[in-house]
Amino acid sequence: MITFPSGREIILGIGAGIAAYKSCDLLRRLQEDGFSVTVVPTENSLSFVGRTTWEGLSGKPAPSNLWDSNGGVAHVDLAKLTDLIVVSPATADLIARISLGRADDLLTTTILASKAPLIIVPAMHPEMYLNPATQDNLATLKRRGIYVMSPDFGKLTSGDEGIGRLPENLAIREEINRVLARTRKLKDRRILITAGGTREAIDPVRFIGNRSSGRQGLEIAFEARREGADVTLIAGQTEEFELPGVRTIRVESALEMKSELEKEVPITDALIMTAAVADARPSRISNGKISKSELSEITLIENPDLLATAAGEKKKNQIFVGFAAETESDFRDRGRKKLHQKEVDYLFVTDIANGKVFGDTRTSGLLISKGGVEWPFLNSTKSEVARSIIDKIADDFALMETSK
Ligand code: CTP
């Protein structure tokens with residue numbers, strides 16, 4: 001079973017401030033908003049709220065140490081998984097470490113390794129907050145595009161009054177939702193993906209099929225969804241999967257896939273054809289089971305090329321991506337030829353010379369653009385390939401918007 005997270009993953013970083021206790025409630029509210037939250041406290045913050053509380057509330061491990069990893073590389077795994085990081089409370093020292101790009105604990109290392117948007121929620125004594133050192137560090141973070149919330153004015157734990165109180169959790173929640181809505185690169189875009197192999201029936205029992213697991217298409221659907229797109233997946237034969245938030249249409253044969261594409265392509269912004277469409281089908285489907293003596297009489301007819309057919313009707317602002325699987329050493333030239341033949345914007349040509357791609361989580365190949373740019377992938381994860389394709393599509397849409 002291939003499973004994906006809901007696509008609403010948040011890391012809640014906890015700094016060593018008394019306001020840490022307020023983040024227990026923030027965590028609960030974020031869960032109510034449908035987020036899956038992983039708490040990453042700093043070691044010192046555990047003197048204010050202990051790990052047991054974080055693990056109990058989040059239902060997950062709350063690692064603080066770089067060496068806590070169970071098998072994977074903790075900071076890289078966390079960094080990849082998350083859609084957003086929020087640090088609340090962020091102390092003066094933590095802000096200084098983040099602004100310097102330090103990586104001396106799990107939280108700062110994860111922040112450095114992640115491309116996800118980051119929200120800093122400072123909470124400290126007014127003297128520390130207003131100190132030019134802290135103000136400079138906050139200015140550095142803002143200049144880098146990091147979202148920095150302003151602390152509230154009011155009574156502080158020390159009995160003093162001033163600026164430095166943690167903002168209300170409601171305001172932090174609103175900021176998280178605002179930042180997520182803003183940073184989703186494919187918001188309001190419709191993305192259509194085909195995945196898996198088609199099955200071409202010979203008789204009620206037998207079919208012509210292929211080894212496609214559908215994994216690459218599923219990874220792309222997940223990344224597109226994560227970027228806020230409205231995703232439709234036309235799936236042939238695949239491994240079993242769970243993809244929350246993706247509309248899935250099941251098909252069996254190439255002709256069934258063709259008729260679904262005819263309905264969906266005109267209303268999509270991008271089409272990504274990862275499906276392994278059978279190139280041919282039996283010219284006749286027998287109603288009864290064919291006896292083995294008749295098997296040699298089966299004749300095949302060519303299936304239509306679904307991608308090339310769709311590309312024939314392609315609208316100016318639509319982006320089409322094709323896939324090809326090649327076993328020969330000239331796979332690059334073959335890929336280029338297919339890109340032009342099928343008139344697509346991008347083509348990922350998979351190098352299947354050593355045959356270890358089907359069903360695997362890793363792949364090797366070359367992403368080629370219509371403009372002739374090439375991006376090689378060597379034993380990369382299918383999720384990295386998916387990320388690249390989705391990034392390119394999002395960049396192209398952004399370019400179309402600016403040149404309007
Ligand atoms: N494709 C398609 N319809 C078909 C066959 C393929 O839409 N009948 C799409 C695949 O989804 C993929 C791309 O075309 O995006 C390349 O598929 P591939 O089988 O490698 O290319 P073919 O054109 O069938 O070339 P070959 O002769 O090498 O099989």
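Reader: What lies 3.1 Å from the backbone oxygen of Ala 96?

Author: A polar atom of the Ser 99 side chain. Keep in mind that this is a predicted model.

Reader: Where is Ser 99 found, and is Ser 99 buried or exposed?

Author: Ser 99 is found in helix 4, residues 92-100. Ser 99 is buried, at 6% relative accessible area.

Reader: What does Ser 99 touch, leaving out residues up to four places away in sequence?

Author: Asn 137, Thr 140, Leu 141 and Arg 144.

Reader: Switching to salt bridges. How many does the structure hold?

Author: The structure holds 31. One of them pairs Arg 387 with Glu 223, with the closest N and O atoms 2.6 Å apart. That pair links distant parts of the chain: Arg 387 is in helix 13, Glu 223 is in helix 9, and 164 residues separate them.

Reader: What about Lys 263, which residue is its salt-bridge partner?

Author: Glu 260, with the closest N and O atoms 3.3 Å apart. Both lie in helix 10, residues 254-264, and are 3 residues apart, about one turn of the helix. Glu 260 counts as buried because its relative accessibility is 17%, and the cut-off for buried is under 20%.

Reader: And where do Lys 314 and Asp 345 lie?

Author: In loops. Lys 314 is between helix 11 and strand 18, and Asp 345 is between helix 12 and strand 19, so the pair ties together parts 31 residues apart in sequence. Their side chains meet in a salt bridge at 3.1 Å, N to O. Lys 314 is partly exposed at 25%, while Asp 345 is buried at 11%.

Reader: Which residues do salt bridges with shared partners join into one network?

Author: Asp 83, Lys 185, Glu 223, Arg 226, Glu 227, Arg 387 and Asp 391.

Reader: Now the largest nonpolar core. Which residues touch the most other members?

Author: Ile 191, Leu 233, Leu 243, Ile 272 and Ile 389, out of 34 residues. Helix 13 gives the largest share of this core, 7 residues.

Reader: Which residues are in the second core?

Author: That separate core has 29 residues, including Ile 14, Cys 24, Val 37 and Val 121.

Reader: Last one. Which residues form the nonpolar patch on the surface?

Author: Ile 18, Tyr 21 and Phe 48, with about 320 Å² of accessible area together. Phe 48 sits in the loop between strand 3 and helix 2. Phe 48 counts as partly exposed, at 41% relative accessibility.

Key
Residues numbered from 1 in each chain as written. Predicted model: local features only at pLDDT ≥ 70, side-chain atom pairs only at ≥ 80, totals over all residues. Heavy atoms only, no water. Core = buried A, V, L, I, M, F, W, Y, C linked by side-chain atoms within 4.5 Å. Buried < 20%, exposed > 50% of the residue type's maximum accessible area, 1.4 Å probe, protein only. Helix = DSSP H or I, 4+ residues; strand = E, 2+ residues; numbered from the N terminus. Patch = residues over 30% accessible without salt bridge, like charges linked within 9 Å, V, L, I, M, F, W, Y side chains within 5 Å. Areas by Shrake-Rupley, 256 points an atom, 1.4 Å probe, with all protein chains shown as cover. Salt bridge = Lys/Arg side-chain N within 4 Å of Asp/Glu carboxyl O. Polar contact = N/O pair within 3.5 Å; in protein donor to acceptor, adjacent residues only side chain to side chain. Contact = heavy atoms within 4.5 Å.
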